[in-house]
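Please read it with the coordinates open.

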Amino acid sequence: MSKNDSLALDTAEFLLQIKAIKLDVNNPFTWSSGIKSPIYCDNRKILSYPKVRTFVRQEFAKMIGEEFGSIDLIAGVATGAIAHGVLVAQDLGLPFVYVRSAKKEHGLTNQIEGVVESGQSVVVVEDLVSTGQSSLAAVKALRDAGCNVKGMVAIFTYGLDSAKTNFKKEKCTLRTLTNYDQLIKQALERDYIKESDLQSLISWRENPENWGK
């Protein structure tokens with residue numbers, strides 16, 4: 001087993017243990033977009049578990065060093081990745097900013113909160129990637145501010161085709177601690193799901209908009 005596969009399975013196990021990710025093909029969840037899904041992810045729960053929180057921080061810090069080398073700044077995507085981004089920035093001894101989904105409509109109308117200087121190299125921290133649109137909006141805001149965005153790290157990605165297309169289009173490298181394929185593999189191995197659930201979970205990822213209709 002490769003180092004990346006081992007990391008992905010270990011991360012998946014943690015997320016399943018603390019119920020940051022729930023799987024239920026019989027009682028699907030409804031996303032804010034209206035999509036029916038057999039999976040629900042709430043990585044904010046990680047913050048309540050020191051062991052898991054430390055694991056994520058350390059693995060993010062290691063991944064950033066190995067994948068992107070020397071950088072000037074860590075940016076977290078509001079709101080789910082702010083805390084994780086702060087922890088990583090603290091670990092690496094780097095400045096931190098966070099990026100809103102859109103500019104504020106009052107005050108200084110900032111989209112980026114914190115101090116950003118043109119020319120800084122930055123890695124973006126995200127908790128979850130679905131289609132990638134909100135994640136890449138943060139990348140665009142940083143680039144518009146003159147930053148050199150080296151890439152993004154996230155805890156989990158659903159691995160949707162739309163996300164792969166969006167990240168490729170924006171020329172943004174995405175690295176994640178775990179992903180949908182490894183999560184399903186771990187869930188089956190550890191009896192979080194049944195063999196009979198597998199095909200439904202696979203078909204959702206292939207066509208989430210029409211799954212279950």
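Where does serine 130 lie? Point 3 takes that up, after the ground rules and the overall fold.

1. Ground rules. This is a predicted model, so local features need pLDDT of at least 70 and side-chain atom pairs count only at pLDDT 80 or more, while totals for chains, interfaces and linings use all residues. Residues are numbered from 1 along each chain as its sequence is written, and side-chain values use heavy atoms, with hydrogens and water left out.

2. Overall fold. The chain has 7 helices and 10 strands. These are DSSP runs (helices H or I, at least four residues; strands E, at least two), numbered from the N terminus. The radius of gyration is 17 Å, close to the 17 Å of the globule rule for 213 residues, so the chain is as compact as a globular protein of that length. That radius is taken over C-alpha atoms, and the rule is 2.2 Å times the number of residues to the power 0.38. The C-alpha trace spans about 55 × 35 × 30 Å along its principal axes. Buried residues make up 45% of the 213. The classes rest on relative accessible area with a 1.4 Å probe, protein chains only: buried is under 20%, exposed over 50%, partly exposed in between. Of the contacts between residues at least 6 apart in sequence, 64% join residues at least 24 apart. A contact means heavy atoms within 4.5 Å.

3. Serine 130. It sits in the loop between strand S8 (121–129) and helix H4 (133–144). UniProt lists Ser130 under "binding site", in an unreviewed entry. Such positions are given in the numbering used here, feature names are shortened, and annotations may be inferred rather than shown by experiment. Serine 130 counts as partly exposed because its relative accessibility is 27%. Leaving out residues up to four places away in sequence, serine 130 touches Trp31, Tyr158, Leu160 and Ala163.

4. The cis peptide. Check the bond joining alanine 78 and threonine 79: it is cis, with omega about -5°. Alanine 78 is in the loop between strand S5 (73–77) and helix H3 (82–92). Threonine 79 belongs to the loop between S5 and H3. Alanine 78 is partly exposed, at 27% relative accessible area. Residues up to four places away aside, alanine 78 touches Tyr98, Val99 and Arg100. Its C-alpha lies 10.0 Å from that of glutamine 111, 33 residues apart along the chain.

5. Positive phi. Lysine 19 is not a glycine, yet its phi is positive, about 60°. Lysine 19 is in the loop between helix H1 (3–17) and strand S1 (21–23). It counts as exposed, at 51% relative accessibility. Lysine 171 also has a positive phi, near 50°. Its loop runs between helix H5 (161–169) and strand S10 (174–179). At 72% relative accessibility, lysine 171 counts as exposed.

6. Glutamine 186 is in helix H6 (residues 180–189). It is buried, with a relative accessible area of 10%. Not counting residues up to four places away, glutamine 186 touches Leu9, Ala12, Glu13, Leu16 and Tyr192. Lysine 62 is in helix H2 (residues 50–68) and counts as partly exposed at 42% relative accessibility. The C-alpha atoms of lysine 62 and valine 88 are separated by 9.7 Å, at 26 residues apart along the chain.
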